[in-house]
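Here is a short briefing to read alongside the coordinates. Please keep the viewer open as you go through the points.

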Amino acid sequence: MSARMGSMRVLPPLGARQRPWRMVERNVLAYRRTWYVFLSGFFEPVLFLLSIGIGVGKLVGKLPFDGHLVDYKQFVAPGLLASAAMNGSLLDTTFNFFVKYKYSHTYDAILATPLGTGDVATGEVVWALMRGAIYSTAFLLTMVAFGLVPSWWALLVVPVAVLIGFAFAGAGLAGTTFMRSWVDFDYVTLALVPLFLFSATFFPLSQYPAGLQAVIRLTPLYQGVVLERALVLGHMQWTLLVHAAYLAVMGAVGLRVAARRIGRLLQP
Amino acid sequence: MDPLIEARALTKRFGGFVAVDGIDFVIRPGEAFGFLGPNGAGKSSTMRMIGCVSPVSGGTLRVLGMDPAADGAQIRARLGVVPQEDNLDTELTVWDNLMIYGRYFDLPRAEIRRRAEELLEFVQLTDRRDSRVDPLSGGMKRRLTIARALINEPEVLLLDEPTTGLDPQARHMLWERLYRLKQDGVTLVLTTHYMDEAEQLCDRLVIMDAGRIVAEGSPRDLVATHATREVVELRFGRAAEQHAALARVRTLAPRVEPVADRLLVYTDDGDATAAAVTADGVGAASVLVRRASLEDVFLILTGRTLEE
Ligand SMILES: Nc1ncnc2c1ncn2[C@@H]1O[C@H](COP(=O)(O)OP(=O)(O)OP(=O)(O)O)[C@@H](O)[C@H]1O
Ligand SMILES: [Mg+2]
C-alpha cells in the first residue's frame, strides 16, 4: 500500500471520446444479473405481430397502400417494428433514468469522476440505442422468417430503428428531467398509447379524418412508421429524408436539453 | 510548497441564498485539512466546489493548479470523493462497484482488478466482494465508498462527514484507515461536525459558521488562541437554578457560557475556579474540570454548540 501511494503517480489517460461508453459498460454490468428483463422488449412486438398481423390480417386480407395492394401483415409489421424501437429506447431513458438520478444517486457518483453531464446523457442514449438495435434486429429476423420482407431496402430497417430510438431516447431523457414524481409518468403513458395506436401503425393514414391526418403527420412515431414501411415494402421516395431529418433533430435537441438539465439538477 | 487547493473570496449562492460567503483557505500537499462546522455551515457546498461538481458563484478557486470551471475533468481524474450521502451503485455488487468506478477513470481492467483486491483488503470487505450493496451495514458502505474513492490512486481525498452515523468502533476503524492514507502521502480534506474527529485527524482546520470562516489553525493552536486552558462544567438540577447562578458565576471568572444543561466556565486554573465556585455556594449539582477543546472554541466564537 505505502509503496503504491508513495511512488510517482502516473496520470490515467483521459480518453474523452470514450467516456460515454463507460455508461454502456456500467449498464451491461447492471443488466448482467437481470438479463431476463431484456426479453420483454423482444416478445411484446412479436406477440403483436402474431395476433394482429397474422390473426387480424386473415380477416382484413389486402390493403391499398401507395397504389398497390399490400398484405395486411406486411403492412402492420413495420409499424410494430417502429413502435418497438420507440418503446425499447424509452425503457432506460425514462423510468430507469428517473430512478438513477432521483433515488439511487447513481449519477452523482459518476459525475465525481472525469465523466461529465454530456457523457452521462450521451452514454445513456447510446445504451438505449444498442438495446433497441438488438430488439429491432430480432424482430426483423422474425419478419424474414414469416416471409414479410420483400425488399432489399430492408437492410436499412435496423439503422432506421436506431434513428427512431435516438429520437425517443433523447426526448425521453430530456422529458424525464422535468418529472417531479412517479405521478408524472402517467403522462408518458398517456402520450405513448395514442402514438402507438394512431401513428398509421395499424391502418393507413387515409383512413383518418382529414383534420386528424394533419396532426398525425406532425407526430414523431409517424415519421418512423413511414420510414420503416417504405423500407420493408421497397417504396422509396426522396421525401423520406424529411422524416429521417425530423427524427435526427428530435434526438439531437433532446440530448442537448438533457445534458444541460442533468447539470442543472445534479450540480446546482 | 505550492498549495494544492487555494480559495480566495470563494462564494456559493443558491438563488439569493449565500451558502458560502467569501471564504479564503489554502491546503498544502500531504496535510489533513478540515472544515468543522454545524449543520448548514456550508461545508458540503465548499467540498462540492472543490470536487468540481458545483460551479463557483464568486471568488477564485484553484485545485491542483487548475481552474474547476475549465479543467473539471482533469481535476476530477486526480481526486477521490467520499460524499456526505453514500451513492454506491445499488444495481451492482461490491466488486463491480470498484470495477466500473475504475473504468470511469479509464483504467485498464487488469489494473483495476489488482487495485480492487488491494482496496477490499484495506477496508476489510474482501469476504463481501460478491454481495450486493444494499445488504451492507452503514459502516461497510462507508468503507466501500472510501475504497471506491481510492481506485484512481487520488492525490487528494475529499471526505464529507466520513463517519457521521457510524458507531464508535466503526468510526475508529475508519480513522485508522484514513491515518494510514495520510502516512502514504494522500492529502485529506474532510468536513465534520465532530470536534474529536477534527482533533484526531486534522493537521489544520477552519471552523465554519453560516458560510463564513470564523477561525483557522491547528486544533491545538485554535484551543490555545481562542479558549482558556481548562473548563469547569457546572450542572444544575433545574434550569431556573442554572439561570439564577449565572450572574454569580460571572463574578468569579471572566468568561462563562451557558449551554442547554450546563454552565461552562473558562479559566486557566480549573481547580482553583472549581474551589471558588464551591466556596461561593453557587449550588451546582456537579462540578467537573476538563481541558478545553475545539467544541469550546466554537462555542466561544459563535455562542452556540456544534451539535445543536
Ligand atoms: N442545492 C441547494 N439549493 C439551495 N440551497 C442549498 C442547496 N444546497 C445547500 N443549500 C443550502 O446551503 C446551506 C449550506 O449547505 P451545506 O450542505 O453546504 O451545509 P453543511 O455545512 O454541509 O451542512 P451539514 O452539516 O448539514 O451537511 C444550507 O442552508 C443549505 O440549505
Ligand atoms: Mg454537509
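C52(B) sits in the loop between α1 and β4 (58-63) of chain B; helices and strands here are DSSP runs (H or I, at least four residues, for helices; E, at least two, for strands), numbered from the N terminus. This is a predicted model, in which local features need pLDDT of at least 70, side-chain atom pairs count only at pLDDT 80 or more, and totals for chains, interfaces and linings use all residues. Residues are numbered from 1 along each chain as its sequence is written, chains are lettered from A and ligands numbered from 1 in the order in which they are written, and side-chain values use heavy atoms, with hydrogens and water left out.

- C52(B) is not a glycine, yet its phi is positive, at about 60°.
- With a relative accessibility of 8%, C52(B) counts as buried (buried is under 20% relative accessible area, exposed over 50%, partly exposed in between, with a 1.4 Å probe and protein chains only).
- A210(B) also has a positive phi, about 50°, without being a glycine, and belongs to the loop between β8 (204-209) and β9 (212-217) of chain B.
- A210(B) counts as exposed, at 54% relative accessibility.

- S44(B) is in helix α1 (residues 43-50) and Q84(B) in the loop between β5 (79-82) and α3 (94-104), both of chain B, so the pair ties together parts 40 residues apart in sequence.
- Q84(B) is partly exposed, at a relative accessible area of 34%.

**Chain B as a whole**

- Chain B has eleven helices and 13 strands, and its C-alpha atoms fill a box of roughly 75 × 45 × 35 Å along the principal axes.
- Of its 308 residues, 57% count as buried.
- Chain B is divided into domain 1 (5-223) and domain 2 (229-292), with bounds from an automatic or database domain assignment.
- The C-alpha centres of these two domains of chain B are 39 Å apart.

**A four-stranded sheet in chain B**

- An open, antiparallel sheet has the strand order β11-β12-β10-β13 (chain B); two strands pair if DSSP finds at least two bridges between them.
- β11 (255-259) and β13 (286-291) of chain B are the edge strands, each with a single partner, so one side of each lacks a neighbour in the sheet.
- Six bridges join the antiparallel strands β10 (residues 230-235) and β12 (residues 262-267) of chain B, and R235(B) stands opposite R262(B) in β12(B).
- Helix α9 (residues 239-250) of chain B packs on the sheet and touches β10, β11 and β12 of chain B (contact means heavy atoms within 4.5 Å).
- The direction of α9 makes about 170° with that of β11(B); axes are lines fitted to C-alpha atoms, for helices over the stretch in contact, and angles run from 0 to 180 degrees between N-to-C directions.
- Helix α11 (residues 294-302) of chain B lies across β10, β11, β12 and β13 of chain B, at about 95° to β12(B).

**A helix in chain A**

- Eleven of the 14 residues of α2(A) are buried, so this helix is largely enclosed by the rest of the structure.
- The buried residues of α2(A) include R19(A), M23(A), L29(A) and Y31(A).
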